[in-house]
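Hi,

Here is the structure I promised to pass on. Have a look at it first, and then read on for what turned up in it.

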Amino acid sequence: MRPRMQVPLLDLKPQYRALQGEIQSAIEKVCASQAFILGPAVKELERRIAEYSRCRYGIGVSSGTDALLVALMALDIGPGDEVITSPYTFFATAGTIARAGARPLFCDIDPVTFNIAPGAVRALIAERCDSRGGELRNRRTGGRVKALMPVHLYGQVADMTALMQIAGEYGLRVIEDAAQAIGADDAEGRRACSFGDVGCLSFFPTKNLGAFGDAGLCVTRDAALAERLEVLRVHGGKPKYYHALIGGNFRLDELQAAVLNVKLPHLDAWTDARRRNAAFYDRGFAAAGLADAGAGPADARPESAVRTPWADPRGRHIYNQYVVRVRERDRLRQHLAEQGVGTEIYYPVPLHLQQCFAYLEHRAGDFPEAERAARETLALPIYPELSDSELQYVVDSIAGFYR
Ligand SMILES: *Cc1c(COP(=O)(O)O)cnc(C)c1O
């Protein structure tokens with residue numbers, strides 16, 4: 001039987017249709033100028049995104065992944081260094097740490113927010129590191145623990161008050177992986193990217209602000225760091241052809257910047273729509289008797305079939321993803337596919353169990369909350385243009401499965 005509706009996980013076409021004319025003329029302007037590399041559109045985007053993220057400087061780069069990599073390079077993190085991060089995130093977070101020559105040092109997540117747990121970071125430092133002469137060393141490897149890379153997963157800011165406190169105590173640099181969190185605020189109204197040394201953003205098409213291909217940006221309040229990022233972006237040459245540093249080609253395309261400049265003024269309205277959709281789901285699952293929304297953090301009600309994401313009511317979760325914990329996750333996902341509802345698992349294998357990180361010698365059970373999240377979570381459609389009837393159809397399809 002054909003399903004009554006099709007609700008994809010993400011449909012970018014309605015957003016494009018609404019802005020088609022403006023985007024086409026912005027692209028045409030770049031074509032007419034034939035200035036494709038680090039032109040005025042890149043400069044304008046850097047200024048506007050830095051302001052939006054409440055930072056001083058913006059450095060446009062080729063992707064969110066390259067934003068992380070060049071941030072690590074700018075902070076001089078390399079062989080012999082270690083970076084504390086979450087094992088429950090997109091691969092690039094730890095992938096770039098390894099590519100910089102450093103070692104990812106994983107810490108388990110908070111089961112309610114899915115973000116790195118400050119308590120786990122403290123425990124790791126207390127149990128496995130020595131702090132001497134302003135340096136933190138991993139006792140087993142001898143490596144120097146140099147930085148902390150929190151991820152604001154799904155669009156909610158990690159517990160930066162506690163994490164910045166730890167970073168201050170141990171002299172750690174902080175790189176925020178804000179690829180999923182542009183415009184997210186914490187409970188004190190502080191914005192993602194405004195806490196650490198560098199904030200890293202992605203404009204991959206599925207992010208809240210998506211380009212027409214790959215693009216990213218680093219933001220910082222530190223003038224010297226901004227200068228290093230800018231130089232590393234063009235192979236480390238300054239002046240051109242004179243290299244004190246080894247960088248790479250990490251440039252943001254002028255065409256991508258032109259598209260993003262058209263989209264940026266709409267970002268807050270899109271985020272508001274995502275937040276409305278999330279509230280619709282929260283109410284809908286509660287009304288269907290599947291979850292008691294508002295009862296408190298997800299883990300406080302482990303008996304319900306659907307545990308809706310907990311968002312700090314004082315903060316601004318931007319819902320790059322709306323991720324529920326559910327019973328019988330894989331069977332539910334199959335059922336939803338048959339009903340025409342698109343879903344995704346972010347992420348099925350935590351990073352400490354990835355084959356490429358076998359050399360870190362982790363075993364299943366090392367980070368139980370990350371592993372449980374990988375087994376129990378499912379992302380539902382949340383994009384801004386979803387209608388109430390589509391959202392209700394998703395709720396009804398899930399209710400039908402548990403009935
Ligand atoms: C998307 C993403 C990245 C990488 O961004 P790209 O632009 O795809 O390279 C890094 N970290 C997280 C958490 C992401 O979601």
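One definition before the rest: two strands count as paired if DSSP finds at least two bridges between them. Keep in mind that this is a predicted model.

With that in hand, take the open sheet of three strands, which has the order β10-β11-β12 and antiparallel pairing. β10 (306–307) and β12 (377–380) each have a single partner strand and stand at the edges, so one side of each has no neighbour in the sheet. β10 is joined to β11 (residues 322–326) by two bridges, and these strands run antiparallel. If you want to find that pairing on screen, go to Val306, whose bridge partner in β11 is Val326.

Next, the ligand. There are 15 residues around it, and those that come nearest are Gly64, Thr65, Asp177, Ser202 and Lys207. For Lys207, the distance from a side-chain N or O atom to an oxygen atom of the ligand is 2.9 Å. Asp177 places a polar side-chain atom 2.8 Å from a nitrogen atom of the ligand. On its own the ligand has 380 Å² of accessible area, and the protein covers 93% of that.

As for what the shell is made of, six of its residues are nonpolar, seven are polar and two are charged. Helices α3 (64–74) and α4 (92–99) each supply at least two residues of the shell, and the largest share, three residues, comes from α3.

Thr93 lies in α4 and has a relative accessibility of 1%, so it counts as buried. The Thr93 side chain makes a polar contact with the side chain of Thr89 as well, again listed at 2.8 Å.

Now to β6 (residues 144–149). Why call this strand largely enclosed by the rest of the structure? Because five of its six residues are buried. β6 is joined to β2 (residues 81–85) by five bridges, with the strands parallel, and to β7 (residues 173–177) by two bridges, also in the parallel sense. From β6 the chain crosses through helix α6 (residues 160–170) to β7, in a right-handed β-α-β crossover.

Most peptide bonds are trans, and most residues other than glycine have a negative phi. Here are some exceptions:

- Lys238 and Pro239 are joined by a cis peptide bond, with omega about -10°; Pro239 sits in the loop between α7 (223–233) and α8 (254–263).
- The bond from Tyr346 to Tyr347 is cis too, with omega near 10°, and Tyr347 is in the loop between α10 (329–338) and α11 (368–376).
- Cys193 has a positive phi, near 90°. Cys193 is in the loop between β7 and β8 (198–202) and counts as buried, at 2% relative accessibility.
- His235 has a positive phi as well, near 65°. His235 is in the loop between α7 and α8 and is partly exposed, with a relative accessible area of 39%.

Cheers

Technical notes. Residues are numbered from 1 along each chain as its sequence is written. This is a predicted model: local features need pLDDT of at least 70, side-chain atom pairs count only at pLDDT 80 or more; totals for chains, interfaces and linings use all residues. Side-chain values use heavy atoms; hydrogens and water are left out. A residue is near a molecule or strand if one of its heavy atoms lies within 4 Å of it. A polar contact is a pair of N or O atoms within 3.5 Å; within protein, one must be able to donate a hydrogen and the other to accept it, and residues adjacent in sequence count only if both atoms are side-chain atoms. Accessible areas come from the Shrake-Rupley method with a 1.4 Å probe; for residues, only the protein chains shown count as cover. Helices (H or I, at least four residues) and strands (E, at least two) are DSSP runs, numbered from the N terminus. Ala, Val, Leu, Ile, Met, Phe, Trp, Tyr, Cys and Pro count as nonpolar, Asp, Glu, Lys and Arg as charged, and the others, Gly among them, as polar. Buried means under 20% relative accessible area, exposed over 50%, partly exposed in between (1.4 Å probe, protein chains only). A crossover is right-handed if, with the strands pointing away from the viewer, the path from the first strand over the helix to the second runs clockwise.
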